[in-house]
Amino acid sequence: MASIIVRGLDDGVKQQLAAQAKKHGRSLEAEVRAILTMAMRRPHIGIALLSAAQGVGGIEDLPIPVRDDVARAVDFG
């Protein structure tokens, strides 16, 4: 198995990972391994959409609608 070292990790991130590992009943190393493994198995939505578009002939001929709406401020008061 390969090993990696992550330098410059924010202390807060390490604390959050440790808390999450404890919650899941595993070591910090096992938690990070699980997170990385899950992230690499998850399909990339951009690539999935590109593949789907290419499968139906591409997107070059799709019309791009004109955006004419105006952003509005939200009143939280």
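Helices here are DSSP runs of H or I with at least four residues, numbered from the N terminus. This is a predicted model, so to speak of local features takes pLDDT of at least 70, side-chain atom pairs count only at pLDDT 80 or more, and totals for chains, interfaces and linings use all residues. Residues are numbered from 1 along each chain as its sequence is written, and side-chain values use heavy atoms, with hydrogens and water left out.

Start with helix H2, residues 28–41. With 7 residues, H2 gives the most to the lining of the largest pocket, and H1 and H2 each supply at least two residues of that lining. The pocket's volume is about 690 Å³. For its centre, select Ile 4, Glu 29, Val 32, Arg 33 and Leu 36, the closest of the 17 lining residues. (A pocket is an open set of 1 Å grid points where a 1.4 Å probe fits, with protein on both sides within 12 Å along at least five of seven lines; lining residues have an atom within 4 Å of a point.)

Stay on H2 and pick Glu 31. Why call Glu 31 buried? Because its relative accessibility is 1%, and buried means under 20%, exposed over 50%, with a 1.4 Å probe and protein chains only. Show its contacts (heavy atoms within 4.5 Å): leaving out residues up to four places away in sequence, Glu 31 touches Leu 17, Gln 20, Ala 21, His 24 and Arg 26.

Last stop: Val 6, in the segment before helix H1 (11–24). Val 6 counts as exposed, at 56% relative accessibility.

Conventions:
Points joined across faces, edges and corners; volume = space filled by probe spheres on them.
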